[in-house]
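Let's walk through this one together, starting with what holds the pieces to each other. Keep the viewer open and follow along.

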Amino acid sequence: MSTVAIVIGGVALTTAAVKAVGPVALGGRDLPDWFSSVVVLLAPALLMALVVTQTLADGDRLTVGPETAGVAAGGLLYWRTESIVGCGLLAAALTAALRAL
Amino acid sequence: MAVDPPGSQPSTFWDGVRAGVPFAIAGGMLSISFGVVAQQAGFSALEAILMSLVVYAGSAQFTAVAILAAGGGAAAAISAATLMNSRFLAMGAALGPSLPGGPLKRAAQGQTVVDASWALASRGDGTFDRSMLFGSSAMQFLTWQTGTVIGALSADLIGDPNRLGLDALFPAFFLALLMAEARTGRARAVAALGGLIALALVPFAPAGVPVLVAGAAALVGLTRSARADIAKAQS
């Protein structure tokens, strides 16, 4: 079996397992109030972590690049217009334009 | 995102499909990039398409391909991709109590989680809207596969996908989701704390782990005032 085939099969299996753990372990139970209270705040924490790692991390280095400016401009546009499509388009267009310079 | 607060009309699968459209467009564009870079890393077009079909987790796919392209082996690629997916442990734990059925059925439903569908399905009271989750994820699955096929079959025409700025699409959409989600001072503070934790860990931790650990910022929810607020929201 080729290395690529092993990687495809391996990542498929571990992804399925990781996605199944929470639903299997915690499914069908009533929510204690402290659990709900933490879950509500999980989305802001994880979303911000995804934003900063995807715009400021290059491997194990922190860098500011065209995509940083693009995403920041997209965020500003969303703040003013609440247009999610406009936010993405501006981010991609500005990133592409800065890379072309 | 509080798309279906308690007491309001429940969402349908098609509401989820509609809500998922912007993310599906972004995913489709990003998966064109995946089809291209996978071939540059030595995948055949069919292997790239197959990986999107059976994995359906963009960041893990890009991570595995990048490691193979850099000369890494299968074990390194699988390990790094799994760590990149580790945030799904936190997301799945949050989602679990909102899923009905036996363990196998819940495990199957958990497969539909991707970042945007999970955030869209969050009702804002600690529970999740399954119709929103399934609808938005189905839309994103469709364009993820379509984009991969386009990228894999036209890699030579597209060239370097980064010059198109497509990698900025997802973080921009996540930022917009965050701004829609974090309406309270507490949520904004937790977001800032989560971002700081992730940035602090980037130089030291394997890729993927900073995002998982950033989820610990949500433990602010254990404070008495946060619990009182959620009890008020649920009543």
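A salt bridge here is a side-chain nitrogen of Lys or Arg within 4 Å of a carboxyl oxygen of Asp or Glu. Side chains of opposite charge can pair when their charged atoms come close. By that rule, the side chains of A:Glu82 and B:Arg183 form a salt bridge, 3.7 Å from N to O.

A quick word on the ground rules. This is a predicted model, in which local features need pLDDT of at least 70 and side-chain atom pairs count only at pLDDT 80 or more, while totals for chains, interfaces and linings use all residues. Residues are numbered from 1 along each chain as its sequence is written, chains are lettered from A and ligands numbered from 1 in the order in which they are written, and side-chain values use heavy atoms, with hydrogens and water left out.

Now for the interface between the two chains. Counting contact as heavy atoms within 4.5 Å, 90 residues of chain B are in contact with 69 residues of chain A. The size of an interface is often given as the accessible area lost when the parts come together. Buried area here is just that: the accessible area (1.4 Å probe) that two parts lose on being put together, summed over both. For chain B and chain A the figure is about 6600 Å², and carbon and sulfur atoms give 78% of it. On the chain B side, B:Pro97, B:Leu199 and B:Val202 lose the most area to chain A, together 8% of what that side buries.

What about polar links? The rule finds two salt bridges across the interface of chain B and chain A. There are also 12 residue pairs in polar contact across that interface, both residues at pLDDT 80 or more. A polar contact is a pair of N or O atoms within 3.5 Å; within protein, one must be able to donate a hydrogen and the other to accept it, and residues adjacent in sequence count only if both atoms are side-chain atoms. Helix H10 (residues 169-181) of chain B gives the largest share of the side that touches chain A, 13 residues. Helices (H or I, at least four residues) are DSSP runs, numbered from the N terminus. By class, this side of chain B has 62 nonpolar, 17 polar and 11 charged residues. For that tally, Ala, Val, Leu, Ile, Met, Phe, Trp, Tyr, Cys and Pro count as nonpolar, Asp, Glu, Lys and Arg as charged, and the others, Gly among them, as polar.

Next, go to A:Arg99. Its side chain meets that of A:Glu67 in a salt bridge (3.2 Å, N to O). This pair links distant parts of the chain, with A:Arg99 in helix H4 (residues 84-100) of chain A and A:Glu67 in helix H3 (residues 66-81) of chain A, 32 residues apart. A:Arg99 also forms a salt bridge with B:Asp167, and here the closest N and O atoms are 2.8 Å apart. B:Asp167 lies in the loop between helix H9 (155-158) and H10 of chain B, while A:Arg99 is in helix H4 of chain A, so the pair joins two chains.

How open are these residues? Buried means under 20% relative accessible area, exposed over 50%, and partly exposed in between (1.4 Å probe, protein chains only). A:Glu67 is buried because its relative accessible area is 15%. A:Arg99 counts as partly exposed at 28%, and B:Asp167 does too at 25%.

Chain B has a salt bridge of its own: B:Arg87 pairs with B:Asp115, the closest N and O atoms being 2.6 Å apart. B:Arg87 sits in helix H5 of chain B and B:Asp115 in helix H7 (residues 115-121) of chain B, 28 residues apart. Both B:Arg87 and B:Asp115 are buried. As for shared partners, salt bridges join A:Glu67, A:Arg99 and B:Asp167 into one network.

The domain assignment, automatic or from a database, gives domain 1 (13-181) and domain 2 (182-235). The contact takes 12 residues from domain 1 and 11 residues from domain 2. These domains bury about 920 Å² between them, 64% of it on carbon and sulfur atoms. The count of salt bridges between them is zero.
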